[in-house]
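Hi,

Here is the structure I promised to pass on. Please have it open while you read, as my notes follow below.

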Amino acid sequence: MKKVEAIIKPFKLDDVREALSEIGITGMTVTEVKGFGRQKGHTELYRGAEYVVDFLPKMRVEIVVADGQVERCLEAINQAAQTGKIGDGKIFVTPVERVIRIRTGEEDEQAI
């Protein structure tokens with residue numbers, strides 16, 4: 001099993017959710033986060049004063065999938081979240097050793 005963690009632009013969340021649903025992935029955890037990469041934030045004007053926004057709003061989508069679903073999952077996220085502009089985000093894949101569904105006690109792929 002693998003944990004797929006994607007940092008995406010907030011307005012792309014619905015597109016990513018729909019793309020994952022189409023390939024059979026129904027569960028995910030979504031968190032509002034802030035951060036920056038190479039873009040290093042941007043400047044904005046507010047009441048005539050310019051200020052720097054260091055951390056930009058992003059969404060973190062976390063999914064645990066079976067090994068056989070990883071590539072399809074990555075393709076779905078990449079296609080749905082991509083705008084071609086700076087700040088589209090990143091996808092991280094890490095191994096998951098064990099999963100337990102608390103309600104039933106099911107483990108590993110049965111618990112996903």
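Glu 62 is buried, with a relative accessibility of 18% (buried means under 20% relative accessible area, exposed over 50%, partly exposed in between, using a 1.4 Å probe and protein chains only). Its side chain meets that of Lys 3 in a salt bridge, at 2.9 Å from N to O (a salt bridge is a side-chain nitrogen of Lys or Arg within 4 Å of a carboxyl oxygen of Asp or Glu). Because Lys 3 lies in strand 1 and Glu 62 in strand 5, the pair ties together parts that are 59 residues apart in sequence. Lys 3 is partly exposed, at 26% relative accessible area. Arg 60 joins in as well: Lys 3, Arg 60 and Glu 62 are linked in a network of salt bridges.

Before going further, a word on how to read this: it is a predicted model, where local features need pLDDT of at least 70 and side-chain atom pairs count only at pLDDT 80 or more, while totals for chains, interfaces and linings use all residues. Residues are numbered from 1 along each chain as its sequence is written, and side-chain values use heavy atoms, with hydrogens and water left out.

Back to the charged pairs. How many salt bridges does a search of the whole structure find? The search gives 8. One of them is formed by Asp 88 and Lys 9, whose closest N and O atoms are 3.8 Å apart. Asp 88 sits in the loop between helix 2 and strand 6, and Lys 9 in the loop between strand 1 and helix 1, so this pair ties together parts that are 79 residues apart in sequence. Asp 88 and Lys 9 are both buried. Another salt bridge brings together the side chains of Arg 98 and Glu 107, at 3.1 Å from N to O. Here Arg 98 is exposed, at 53% relative accessible area, and Glu 107 is partly exposed, at 32%.

Now the sheet. There are 4 strands in an open sheet, in the order 2-5-1-6, with antiparallel pairing. Strands and helices are DSSP runs numbered from the N terminus (helices are H or I with at least four residues, strands are E with at least two), and two strands pair if DSSP finds at least two bridges between them. Strand 2 (29-35) and strand 6 (89-95) are the edge strands, each pairing on one side only. From one strand to the next, the twist averages 20 degrees (axes are lines fitted to C-alpha atoms, for helices over the stretch in contact, and angles run from 0 to 180 degrees between N-to-C directions).

Strand 2 is joined to strand 5 (residues 56-65) by 7 bridges, and Val 33 stands opposite Lys 58 in strand 5. Strand 1 pairs with strand 5 over 7 bridges, in the antiparallel sense; there, Ala 6 has Val 61 as its bridge partner. Strand 1 also pairs with strand 6, antiparallel and over 7 bridges, with Lys 2 opposite Pro 95.

What about the helices? Helix 2 (residues 70-81) lies across strand 1, strand 5 and strand 6, running at about 5 degrees to strand 1.

Ile 63 lies in strand 5 and is buried, at 2% relative accessible area. Leaving aside neighbours within four places in sequence, Ile 63 is in contact with residues including Val 4, Leu 20, Cys 73 and Ile 77 (contact means heavy atoms within 4.5 Å). Cys 73, not counting residues up to four places away in sequence, touches Val 4, Leu 20, Ile 23, Ile 25, Ile 63 and Val 65.

One last item is a backbone angle. Asp 108 has a positive phi of about 55 degrees although it is not a glycine. Asp 108 lies in the segment after strand 6 and is partly exposed, at 29% relative accessibility.

Best wishes
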